[in-house]
Amino acid sequence: MDRELTLLCSTCGQGIVQDDGYLWVSRHEANTVQQAYKAFEERNTDPADGSLAFDLTDISALPAPAVWQADHSECDPERDKDSHYRIPAARLRLRADLLDWSAHLAEKPWLPHTDWRDVMRETRTGSTRIAISGPRPPAYPAAF
Ligand SMILES: [Zn+2]
């Protein structure tokens, strides 16, 4: 079956076309971001009424989401880290594969603290980590 999505290695910049790599994120980093948000909420929630009030300094100090990266197995300098969550390139060929992964990952409490939403959006436009092929769906502005 033709491939719609080709992961691009963050280390060497080449496509991961022989299924010899993966898309990965550091669960440790995502958990650290999650804990920072939890501490932020606890620090800024009024115990009397549960309302959230904070100043811009506090919210701007929150960490950025953990970033999903693609790498060839041989290029990944941290390939032995058990704390990395990896999606094999062989199981991420089509946009429908990404939907399946999104459904699977939705149960992970750390997922919102990664840039997975950006990964999903990049299946429309391509990016430095995902090359797309085949028909491109039209772009529609996000609805609010
Ligand atoms: Zn590489």
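Q: What arrangement do the four donor atoms around the zinc ion make?
A: Donors are N, O and S atoms within 2.8 Å of the metal (3.2 Å for Na, K and Ca), with water not among the atoms. Four of them count as tetrahedral if all angles lie between 85 and 135 degrees. Ideal angles for four tetrahedral donors are 109.5 degrees. Here the angles run from 99 to 117°, so the arrangement is tetrahedral. Bear in mind that this is a predicted model, where local features need pLDDT of at least 70, side-chain atom pairs count only at pLDDT 80 or more, and totals for chains, interfaces and linings use all residues. Residues are numbered from 1 along each chain as its sequence is written, and side-chain values use heavy atoms, leaving out hydrogens and water.

Q: Which residues coordinate the zinc ion?
A: C9 (SG), C12 (SG), H72 (ND1) and C75 (SG) do, at 2.1 to 2.4 Å. Their spacing in sequence is C-x2-C-x59-H-x2-C. C9 sits in the loop between β1 and β2, and C75 in the loop between β3 and β4, so the pair ties together parts 66 residues apart in sequence. Strands here are DSSP runs (E, at least two residues), numbered from the N terminus.

Q: Is C9 buried or exposed?
A: Buried means under 20% relative accessible area, exposed over 50%, partly exposed in between (1.4 Å probe, protein chains only). C9, at 3%, counts as buried, while C75, at 23%, counts as partly exposed.

Q: What is the strand order in the open sheet?
A: Strands pair if DSSP finds at least two bridges between them. This sheet runs β3-β2-β4, with antiparallel pairing. β3 and β4 stand at the edges with a single partner strand each, so one side of each has no neighbour in the sheet.

Key:
Helices (H or I, at least four residues) and strands (E, at least two) are DSSP runs, numbered from the N terminus. Four donors count as tetrahedral if all angles lie between 85 and 135 degrees; four count as square planar and six as octahedral if opposite donors are over 155 degrees apart and all others between 65 and 115; anything else is irregular.
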